[in-house]
Amino acid sequence: MKLRFFSLLVWFLPGFASLSARDALEKIAVSADGAHFVHAKAGTTFTPWGFNYDRDDSGRLLEDYWHEEWATVEEDFREMKEFGANVVRIHLQFGKFMESADRANPRSLAQLKRLLDLAGRTELYLDITGLGCYHRKDIPAWYDGLEETERWNAQAVFWQAVAATARDRPEVFCYNLMNEPLAPGGTKRETDWLAGELAGKHYVQRITLDPAGRESREVARQWVKRLTDAIRAEDRSTLLTVGVIPWAMVFPGAKPVFHSKEAGGPLDFVSVHVYPEAGRLDRALAALAVHEVGKPILIEEIFPLKCGMEELGRFIDRSAAHAEGWIGFYWGRRPEEYVDGEIAGAMMREWLEFFQSRAPRMKRSVRD
């Protein structure tokens, strides 16, 4: 009898532990005045302070190793929590999650559920960014061959499947429709869905190849509505956003497209990706100010890529006049693992050391 009881206890304890961890997290919402992130029930302020977990240090994307090297993912989540993070942004690749235009990949969805459970146990919220096409070799030929309406329909199927898997999970901070989309306008027809390449990866996508005379904001409005409607059919409460390049940093005076009044109605908050340039902090701050549209602003990507760490720290301090949170990068290595003499490694080490030192003051605990 005792042996049987012990066996049942061993069987059920992991489930109880998972439920206990999930109970420690509370769904995140936007405050009634539209200014801040808050814990939905308690009403206390939540300040995102976290990492983009987009790849490992060798450039592999999460789906490249999360099946065979799950222990690595678990260790990485523990480290991010130890460093003081409360949000982890993951980047789901379309080609890994869709078997055809109307059918999601059940194995990938099962692994996403496993990741949700891990996030719950480590008390880390997830920013789930979707529709990634970062590696051209992973993009299905059938997907590239779709016209706009069919492509948007396939994207809607992706998001419905993800939202059905993640709905009602308190550890999901938000769904980000796509990383850095472009909405062409006018009459020029494009030939490639991907725009630009950085270190072998394509982070920017066009959402149409043929605007057919539509303005950019109208293209963005139609696309945002199509995908947010698909998500809301499965999940009514999780926050929605789109992570964008603040073009006012490049073209002073440029106005938001996806977060404009015309297109951004279904979106709950503004996400911008900001890499301040040395000696030009004021321009980056002005670009943030352009995105003040009556919703919280999250700086969803930030890193000392174009300026030093000291200057980036000053920017983060000054950007608090506009932003409600900041998400940097973590690629699976601790600061002490980066070797002296490697420029990229030195930047990452400085960033991680800064992140840890600032965490107590920048980040709120799971509950205030």
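At what angle do α7 and helix α8 (residues 216–232) pack, and how far apart are their axes? The two helices pack at an angle of about 35°, with their axes 7 Å apart, where axes are lines fitted to C-alpha atoms, for helices over the stretch in contact, and angles run from 0 to 180 degrees between N-to-C directions.

This is a predicted model, in which local features need pLDDT of at least 70 and side-chain atom pairs count only at pLDDT 80 or more, while totals for chains, interfaces and linings use all residues. Residues are numbered from 1 along each chain as its sequence is written, and side-chain values use heavy atoms, with hydrogens and water left out.

Helices are DSSP runs (H or I, at least four residues), numbered from the N terminus. Among the buried residues of α7 are W152, A156, W159 and A163, buried meaning under 20% relative accessible area with a 1.4 Å probe, protein chains only. After α7 comes D168, whose phi is positive, near 65°.

The contact of α7 with α8 (heavy atoms within 4.5 Å) involves residues including W152, W159 and A163 in α7 and W223, R226 and L227 in α8. On the other pair, the contact includes L312 and I316 of α10 and W351 and F354 of α11.

| Helix pair | Angle | Axes |
|---|---|---|
| α7 and α8 | about 35° | 7 Å apart |
| α10 (residues 309–319) and α11 (residues 343–362) | roughly 30° | within 11 Å |

Because angles under 35 degrees count as roughly parallel, α10 is roughly parallel to α11.

How values were computed. Buried means under 20% relative accessible area, exposed over 50%, partly exposed in between (1.4 Å probe, protein chains only). Angles under 35 degrees count as roughly parallel, over 145 as roughly antiparallel, 65 to 115 as roughly perpendicular and the rest as oblique.
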